[in-house]
Amino acid sequence: MRQIIALEYAKLRKFHTLKILFAVYMLVVPCWMYFMNFFFKMNPELKAIFTQAEPLDFPHIWSFITYSASFFNILLAVSVVTITTNDIQFKTMRQNIIEGLTKRQVIFGKFAFVIFLSTIATLYTLICGLVLGLLESSNTDFYQNIHLNALYFIQTIGYFSFAFLFAILVKRPAIAIVTFIIYFPVETILGNIISHKMYQFFPLKVYADLTPMPFFRAVINSGPKGGENGIFLLSLNEQVCLSGFYIVLCFALTYFILKRRDL
Amino acid sequence: MSEIVLQVDNLSKKYKKVEAVKNISFNIQKGNVYGLLGPNGSGKTTTLAMLMGILHPTEGSFSWFGNGQEDRNRLRIGCLLETPNFYPYLNAYDNLRVTATIKNMTDPKARIEEVLEYVDLKERGKRTFRTYSLGMKQRLAVAAALLSDPEVLVLDEPTNGLDPEGIAEMRELILKIGGEGKTIILASHILDEVQKICSHVVMLKQGEMVYNGTMTDLLLQRKSYKLMADEPEKLLSVLRSLSQVKILTEDSDSLMVELDDNLTGADLNRLVAEKGVYLSELHAYQKSLETIFLERMKL
């Protein structure tokens with residue numbers, strides 16, 4: 001494992017695209033949080049409808065920041081797609097295998113990268129939330145709802161492993177990025193066409209619901225459940241289990257594809 | 001008999017409609033330099049790609065170092081297959097560090113310096129790979145192949161894209177490596193180069209193996225002979241009666257003939273003497289590998 005991490009580090013430490021995408025992510029998350037805070041201050045009537053809370057106040061900041069950061073995960077997912085497709089395009093994955101790397105090690109390497117990226121993204125949102133909360137919150141109740149960061153961590157692993165699968169399937173950088181981005185609305189449309197209940201089990205929907213819109217779960221839970229008029233929502237435990245299943249499935253499928261494919 | 005480092009048994013690769021490699025079998029012995037020859041599309045690169053684990057054979061098997069097709073075998077092999085493939089945003093040092101990590105080298109710094117020096121890239125080692133000329137890329141690929149001091153070196157068209165000076169340098173380099181007792185498998189179009197470097201030859205034609213043996217045997221087998229006798233007409237009639245002899249040219253006083261693979265000049269001398277014709281001259285002309293190769297490809 002140490003060798004694989006050392007290898008990924010040697011490959012990526014000078015990959016500027018990753019640094020740029022991460023810098024944008026780091027900039028955009030706090031900026032968006034401030035923008036939201038400003039927006040709700042300017043529009044108190046909207047705040048009353050949507051949130052009833054200050055976005056930068058503890059503990060609401062955790063649901064706001066994880067929900068907001070989940071949109072910007074796309075930037076980091078694009079870096080996963082770029083790195084993987086570049087490895088195919090430059091034939092460096094092929095060369096790595098010629099030099100003695102196994103296909104299993106290739107997958108482990110990418111998994112290690114996904115975990116690393118998710119850890120950094122989660123730590124960043126955690127630190128960002130803490131700093132913004134300590135600066136702007138009217139209270140210091142920071143530990144309440146802090147578990148949302150753990151859910152955000154699972155969510156990022158889910159998105160990035162999905163991005164990895166896309167990259168291995170499509171192989172070409174630009175097409176892989178476009179199809180990955182297009183898949184988001186496609187899944188939403190498809191899910192709503194098939195059935196609302198089925199849609200809850202779709203991979204990106206499962207990941208997205210780990211950090212839902214602030215107060216979304218509370219609103220849903222207060223309304224009618226199941227039946228024809230009610231809204232069906234998976235429990236948090238079900239979403240976590242399903243996310244884990246999809247993450248394992250993504251890496252297993254990727255391994256299966258790589259194992260069978262001529263490079 | 002020296003140790004076998006690679007055993008290939010009935011290896012085949014079939015794409016949808018094309019059979020790129022057909023049932024080939026050969027052994028590679030330790031310490032020899034093997035030339036893998038064949039025109040474009042003959043299956044050289046496909047064969048090497050299967051042996052290096054990036055293509056799945058349709059049929060057959062191979063075994064490196066007697067360990068079958070285990071992935072770890074490749075850690076003992078240095079390989080340049082087709083084009084040099086490196087991370088374009090990394091310099092030579094960083095790219096070789098990637099290779100060193102794969103090869104499980106503990107402290108590769110000194111060795112990286114050494115191989116870059118060896119291929120004359122040390123001065124430009126800090127420049128990113130994307131800025132390199134084709135010749136520099138090719139040399140870096142050779143450096144990567146040599147990095148872990150492998151037991152076997154697989155080089156597929158190492159002189160591709162090189163200028164005449166680069167080709168000469170690469171030839172010197174391969175000769176130098178071969179002189180160090182390494183086993184080398186060299187696929188090349190430049191037959192003059194192969195003739196100078198290789199001790200053994202495996203020849204492929206449309207995916208089929210048409211020759212497998214030593215370079216000496218190949219060159220000796222395909223000698224042509226100039227024959228003279230006191231009675232040229234009688235000699236001609238005797239030669240016409242011998243099925244192992246092919247008459248190439250007829251002059252008033254001499255004949256040029258080619259012999260079957262299993263017949264030597266001495267055998268011919270004996271055969272015609274038995275028929276009462278005594279040769280006044282028997283001169284062997286050795287054909288170049290290129291001529292032999294072209295003849296074999298036409299067959």
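Chain B and chain A touch each other here, with 29 residues of chain B and 28 residues of chain A taking part in the contact. Keep in mind that this is a predicted model. Between them, the two chains bury about 2,600 Å², and 53% of that is on carbon and sulfur atoms. On the side of chain B, the residues that lose the most area to chain A are I54(B), N85(B) and I102(B), which together make up 26% of what that side buries.

**Where the two chains meet**

- Looking for charged partners first, you'll find four salt bridges across the interface of chain B and chain A.
- The side chains of R94(A) and E82(B) meet in a salt bridge, with 2.9 Å from N to O.
- Polar contacts turn up too: 18 residue pairs across the interface of chain B and chain A, both residues of each pair being at pLDDT 80 or more.
- Which part of chain B gives the most to the side that touches chain A? That's helix 2 (residues 92-102), with six residues.
- Sort the residues on that side of chain B by type, and you get 15 nonpolar, seven polar and seven charged.

**Chain B on its own**

- Chain B has 299 residues, and 52% of them count as buried.
- Its make-up is ten helices and 13 strands.

**Aromatic rings**

- Over all chains, the count comes to 27 aromatic pairs.
- One of them is F39(A) with F40(A), an edge-to-face pair with 5.7 Å centre to centre and 70 degrees between the planes.
- Are these two residues buried or exposed? F39(A) is partly exposed, at a relative accessible area of 33%, while F40(A) counts as buried at 9%.
- Another pair is F180(A) with F184(A): the ring centres are 5.3 Å apart and the planes stand at 90 degrees, so this pair is edge-to-face, a label that takes an angle over 60 degrees.
- Where do F180(A) and F184(A) sit? Both lie in helix 8 (residues 173-194) of chain A, four residues apart, or about one turn of the helix.
- F180(A) is buried, with a relative accessible area of 1%, whereas F184(A) counts as partly exposed at 24%.
- Both F180(A) and F184(A) also belong to one aromatic cluster in chain A, along with Y159(A), F162(A), F166(A), Y183(A), Y207(A), F245(A) and Y246(A).

**A closer look at S243(A)**

- You'll find S243(A) in helix 12 (residues 236-260) of chain A.
- Why does S243(A) count as buried? Its relative accessible area is 0%, and buried means under 20%, so S243(A) falls into that class.
- Which residues does S243(A) contact, leaving aside its neighbours within four places in sequence? They are I154(A), V206(A), Y207(A) and L210(A).

Notes
Residues are numbered from 1 along each chain as its sequence is written. Chains are lettered from A and ligands numbered from 1 in the order in which they are written. Side-chain values use heavy atoms; hydrogens and water are left out. Helices (H or I, at least four residues) and strands (E, at least two) are DSSP runs, numbered from the N terminus. Buried means under 20% relative accessible area, exposed over 50%, partly exposed in between (1.4 Å probe, protein chains only). Contact means heavy atoms within 4.5 Å. Buried area is the accessible area (1.4 Å probe) that two parts lose on being put together, summed over both. A polar contact is a pair of N or O atoms within 3.5 Å; within protein, one must be able to donate a hydrogen and the other to accept it, and residues adjacent in sequence count only if both atoms are side-chain atoms. Ala, Val, Leu, Ile, Met, Phe, Trp, Tyr, Cys and Pro count as nonpolar, Asp, Glu, Lys and Arg as charged, and the others, Gly among them, as polar. Rings of Phe, Tyr and Trp (its six-membered ring) pair if their centres lie within 6.5 Å; planes under 30 degrees apart count as stacked, over 60 as edge-to-face and the rest as tilted.
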